[in-house]
Amino acid sequence: MTYLLRRLAFYLVAAWVAITLNFFIPRAVPGNPAEIILSKYPDLTPQAYKALEQMIGGVVGTGSLWSQYLHYWNNVFHFNFGVDLANFPTPVSQILDQSIPWTLILVGTATVIAFLLGTGLGILAGWRHGGWLDRSLPVWMFFQAAPYFFIALVLVDFFAIEHHWLPVGQGFNGEVTSPGWTWAFISNALEHSLLPAFTIVLTSVAGWMLQMRNVMITTISEDYVIAAQAKGLSKSRTVFTYAARNALLPQLQGFGLALGFVVSGALIMEIVFSYPGIGFQLLEAVQNKDFPLMQAIFLVITFAVLVANLVVDLIIVFFDPRARSREAA
Amino acid sequence: MAPILEIDDLSVAYRSDGGDVHAVERVSLTLNAGEVVGLCGESGSGKSTLAYGATRLLRPPALITGGSVRYRGRRITQGGDPADILTMNNRELARIRWREVAIVFQSAMNALNPVLRVQDQILDAITAHLKLPKHEAREKAATLLDLVGIPRDRLRAYPHELSGGMRQRVMIAMALASDPEVVIMDEPTTALDVVVQRDILAQIVELKETLGFAVLFITHDLSLLLELADRIAVMYAGRLLETGTASAIMRAPAHPYTQGLLHSFPSLHGPRRELVGIPGTPPDLRDTLSGCPFIPRCSHTVPACSEVDMSLAPPNGAGDGPDRPGLITVGNHLTACPIVTPEEVSQEGVLS
Amino acid sequence: MKSLANIWRNLPLKAKIGVGLFGFFVLAAIIGPEVQPYDPSLQTPLTMAAPSAQHWFGTTQEGQDILSQVLTGIRLTLELALAVGVIVTVVSVLVGVTSAFLGGIWDDVLSLITNVFLVLPPLPLLIVLLGYLSQQGQTPTIIVLSLLGWPWGARVIRAQTLAIRGRDFIDASRETGEKSWRIILFELIPNEISLIAASFVNTVLYAIGASVALAFVGLTNVNSWSLGTILFWAQTDSALQSAAWWWFVPAGLAVALIGTSLVLLNSGLDELGSPRLRATRGTAKVAGHKIWPTDPTPVLAQLQSSRGRLGSFLYSFSRRSMLEGNAAGGDL
């Protein structure tokens, strides 16, 4: 329990850093961000200009820095991220509500599949060190090293443009169906998510596989694996319960560490496929210099990663009896 | 009666790009049923390699380059010909491993699976070889812990929750899970403090008396073996230098290396004498040495030392054969040292 | 020099390929822009043209020569990545070693900072930062990438330093009065060279990936021809929809190949540094048979007898069998 509490405290500190960074960045860069924003709307009447200036409470404000800071915290806790500039005057939180589910489903599922698949392959590759699976690693490495979106572009080109097997992009075909719990919509959405999901899996499997393979190789030479063989245990028991179960722990920790990157890559994927998730929205926000939305998305993504990290910590504690009693002595 | 485990002329090498490292060179050793044989040597002498090589548990780049390891347990041979472990396929090996020949590893902390409870690990050993219903297997596991003096509630514990001594006892209990005929103990008490050491050793002796298995006890501590073992084999640089009964070795060590070992630790009784170590370092095992490997550190060498055939074997007659210059066999006390004359080697006709 | 030759010989094949591939791109970066046929920004009427003798990689929608763009891009991207690599490596070594060496409250504080930056997802932060900064050349990107890239190396180096530090010999050095900085420089760091090298390669990899991703999204200077920018324009000008594969394939392939070469190189360094990963590689074949690490210890006599007459005959000519003392034909 103490272990988890320490981790939770750590994530709270990280969250605090993120929020504070978010607060300071617009105030720290050269130039007046208010002007940058307002310069996009040159033909506002002076009253509208003033109103707009006041509305951008999350970006600039009146009063001392400290009071602005507190005010900002208040907003964050009420999920008040300000007003979206591109779709003025829609609140940012409303815009986010539409896109978060798409990202969660696509990125969440694809990442978990990639991790499970990669880890499974890594177990095999590590056990059969030097076998054909192990030797195919450089091919996988190529997919890992290539920029996500490049692979995506190539796949889209092949599957969607040259051969019209799968849709080019977007979450669903707006002309054919509309959002709702209907089979027509869900099947359409699934069809549109195949290519993005496949790309995410293809480009990230190599990393997990390589990592698990390396850990397996060192784990196999541990005494308890030799002891398992000396005991005459079946191969599957030795591989899975003795070797893999132990190798899984550093692998999970690596997963936790890499979550930030994983999420980043998946976001780029959305951009390539024009998939209506947060990543795509982030891009639009950047291109429109829509700062409130940009910063809100940053916070949302960061919090999501922190929560995911906490979940991974929970899983690790579940699998590692030593972690449960760590810090207890 | 024929020995239950007969290691004959075994050689084990580690392959590397820089040449083979001859870790074990033509070693012959026998183990009789119910006997305790101590294998003594310093680090790097090849004693662990010998034991793990004989059971084929060594990992690449190890390679067994010669010899045979014959096992005569009744379950396997049914009174017929002995089975050679070195020629067995995977299936036959699985039947021998643990059921016939069990191993107590050196470091219990490393040899126990950190993520499994003690009970599950012992059950693994039981169910891999004995077809028992679940509750009987669990009862057997509990009984095993009773045997080694561990309270039953420790069954649900994880390895890291146990003390060092307890872990070692668990290892011993696990080794006995399927009633083996031979138990190889690889420095089981080296990592423990002296008090715990004595407890464990006493436990081992008691278990051996009760269950009747043979023990190959590997250690660097000759003093332990003098009390524990029936016979002792002294190993150095991959070769056996001397074998004999414990009392023979203690009273009249034949090889200068054995003498050096005995003089390296003080005895509680008798007059005070100077503690002498053995200067020098063991040889590089990549070179194939001829003759006795101890030559560089020995203060009694003669020219014959570099030609002596180092393979000791049980005597099948008295005296030297033409192909075994230098081998001196007196009763069961063997050594290949040419400077020792038969008169200097003590007679010990009865196995203790 | 001799140790370099030794290192080369001991590298596994895939690492050698990695070095060669990366070297090729470094060469391209150095001489490429000097020999490029056109100015990358030069617009010609020959728009969206497929590869031809005049334009080996075809042209963009503005008629710009893609080959020239790619050559310039390789140089710019590599410059940026190597700059980030150097900065990050220096910072992470400083932080990691100091943190581990000083211990105590310093370690706690530095570790906390390191871990916080490790857990925050980099891309959103990068995007926000760059969104606010103006786009002038590559410097903002370099700064921003360096700011977020050092925690990884710092963490790994700190762990290694802690392990090496192992109370005794450091305390002993201190006892004899050796100054701390000397200890760090002459005793700690030489032991961590392979780790630092691996960290450097990883950072360069990360910098390439991140800078290309950022450029693709349009956050960096869209008028300087880094590889990511090429892809940005390809995306913006709908190269995909026009099936103008030649626009995005060369740049993307270049990034992929540079990245792959670095990953290969890194795995080679991994095997160099970790003997266990290496040990089973070279000796996985004994007497012509493949031995898995988890197989029972092989017995030479068994292996030889199962090879068959032809196999034994052929094998007896091999170098291995010579070492075993079997001359050709001696086995039959």
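**Chains, sheets and helices**

Colleague: How many residues does the contact take from chain C and from chain A?

Modeller: It takes 44 residues from chain C and 53 residues from chain A, where two residues are in contact if their C-beta atoms, placed from the backbone, lie within 7 Å. This is a predicted model, in which local features need pLDDT of at least 70 and side-chain atom pairs count only at pLDDT 80 or more, while totals for chains, interfaces and linings use all residues. Residues are numbered from 1 along each chain as its sequence is written, and chains are lettered from A and ligands numbered from 1 in the order in which they are written.

Colleague: Which helix gives the most to the side of chain C that touches chain A?

Modeller: That is α11(C), with 10 residues, and at least two residues each come from α4 (104–119), α5 (122–132), α9 (193–217), α11 (245–273) and α12 of chain C. Helices (H or I, at least four residues) and strands (E, at least two) are DSSP runs, numbered from the N terminus. By class, this side of chain C holds 32 nonpolar, nine polar and three charged residues, with Ala, Val, Leu, Ile, Met, Phe, Trp, Tyr, Cys and Pro counted as nonpolar, Asp, Glu, Lys and Arg as charged, and the others, Gly among them, as polar.

Colleague: And what about chain C with chain B, how many residues does that contact take from each?

Modeller: There the contact takes 14 residues from chain C and 17 residues from chain B. On the side of chain C that touches chain B, α12 (275–282) and α13 (300–305) each supply at least two residues, and α12(C) gives the most, with three residues. That side of chain C divides into nine nonpolar, five polar and no charged residues.

Colleague: Staying with chain C, which residues of α4(C) are buried?

Modeller: They are Thr114(C), Phe117(C) and Val119(C), where a residue is buried if 20 or more other C-beta atoms lie within 10 Å of its own, exposed if 12 or fewer, and partly exposed in between, with C-beta atoms placed from the backbone.

Colleague: New topic: how many helices and strands are there in chain B?

Modeller: Chain B has 11 helices and 12 strands, and buried residues make up 48% of its 352 residues.

Colleague: In what order do the strands of the open sheet in chain B run?

Modeller: The four strands follow the order β2-β1-β4-β5 (chain B), with antiparallel pairing; two strands pair if DSSP finds at least two bridges between them. The edge strands, each pairing on one side only, are β2 (21–31) and β5 (83–84) of chain B. Strand β1 (residues 5–14) of chain B pairs with β2(B) over seven bridges in the antiparallel sense, and Tyr14(B) stands opposite Val21(B) in β2(B). Helix α1 (residues 47–54) of chain B packs on this sheet, touching β1, β2 and β4 (62–71) of chain B, and its direction makes about 110 degrees with that of β1(B). For such angles, axes are lines fitted to C-alpha atoms, for helices over the stretch in contact, and angles run from 0 to 180 degrees between N-to-C directions.

Colleague: Is strand β7 of chain B largely enclosed or open?

Modeller: Five of the five residues of β7 (residues 182–186) of chain B are buried, so this strand is largely enclosed by the rest of the structure. Val182(B), Ile184(B) and Asp186(B) point one way from β7(B), and Val183(B) and Met185(B) point the other way.

Colleague: Which strands do bridges join to β7(B)?

Modeller: Strand β6 (residues 101–104) of chain B runs parallel to β7(B) and is joined to it by four bridges, with Ile103(B) opposite Ile184(B). Five bridges join β7(B) to strand β8 (residues 214–219) of chain B, also parallel, and Asp186(B) stands opposite Ile218(B) in β8(B).

Colleague: What is the phi of Glu187(B), and where is that residue?

Modeller: Phi of Glu187(B) is near 45 degrees, a positive value in a residue other than glycine, and Glu187(B) lies in the loop between β7 and α8 (194–211) of chain B. Most residues other than glycine have a negative phi. Glu187(B) counts as partly exposed, with 19 C-beta neighbours inside 10 Å.
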